[in-house]
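The sequence and structure are shown first.

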Amino acid sequence: SGLPYIPGKTIKGLLREAAEIISNENKEFIEKCFGKQSEKKDDVFEKGICYFSNAELTQNIKEQLKDNSKKELLFRKVSSTKIDDNGIAEEHSLRKIEVTVPLVLFAEISDLPAEYSPQMEKCIKFIKRLGTNRNRGLGRCNISIYKEEK
């Protein structure tokens, strides 16, 4: 639909990486929630029990953006060029990428066992950047946890 989103697979990968960094001593949490390599075959993975949805805009905002002329307001272009040792831009090194303006996206983690909730919250709080060029000032994010009332 041309709207910004973050694939659930990316969210899962970021959270797994965070879990491996900060919860490395708890392999059970990582393997149960994110999956593990099969003991039978090296190239086969067993799925984890958690499901990670795509992070998307709310349905209300999507409806408001059906008119394509408004979608362009969600993006901007960022240019960069390579500078040589003398401080001069190198020829043919101009690059442009399209980025989104700051947005609020929503995603869901399903089937998370209650006993692993505190560890998953630590992993969520650990993530500060995502996407391309995140080490060059792009991709800053602030992830908040909203627990569904039952």
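## The two faces of helix α2

In this predicted model, the exposed residues Lys27 and Glu28 lie on the face of α2 that is turned away from its buried side. Helix α2 spans residues 27-34, and its buried residues are Phe29, Ile30, Cys33 and Phe34. These four lie on the same side of α2, because they cover an arc of only 95° around the axis.

After α2 comes Gly35, which has a positive phi, near 105°.

## How α1 meets α2

The axes of α1 and α2 come within 10 Å and cross at roughly 170°. Angles over 145 degrees count as roughly antiparallel, so α1 is roughly antiparallel to α2.

In α1, the residues that take part in this contact are Lys12, Leu15, Arg16, Ala19 and Glu20; in α2 they are Phe29, Ile30 and Phe34. By class, the contact of α1 with α2 comprises 5 nonpolar and 3 charged residues, with no polar ones.

## A buried residue in a loop

Leu65 belongs to the loop between α3 (59-64) and α4 (68-71). Is Leu65 buried or exposed? With a relative accessible area of 10%, Leu65 is buried, since buried means under 20%.

Leaving aside residues up to four places away in sequence, Leu65 touches Leu3, Leu57, Lys70, Lys71 and Leu74. Leu65 and Gly2 are 63 residues apart in sequence, while their C-alpha atoms are 10.0 Å apart in space.

Conventions
Residues numbered from 1 in each chain as written. Predicted model: local features only at pLDDT ≥ 70, side-chain atom pairs only at ≥ 80, totals over all residues. Heavy atoms only, no water. Buried < 20%, exposed > 50% of the residue type's maximum accessible area, 1.4 Å probe, protein only. Contact = heavy atoms within 4.5 Å. Arc of directions from axis to C-beta. Axes fitted to C-alpha atoms, helices over the stretch in contact; angles between N-to-C directions. Parallel < 35°, antiparallel > 145°, perpendicular 65-115°, else oblique. Nonpolar A, V, L, I, M, F, W, Y, C, P; charged D, E, K, R; others polar.
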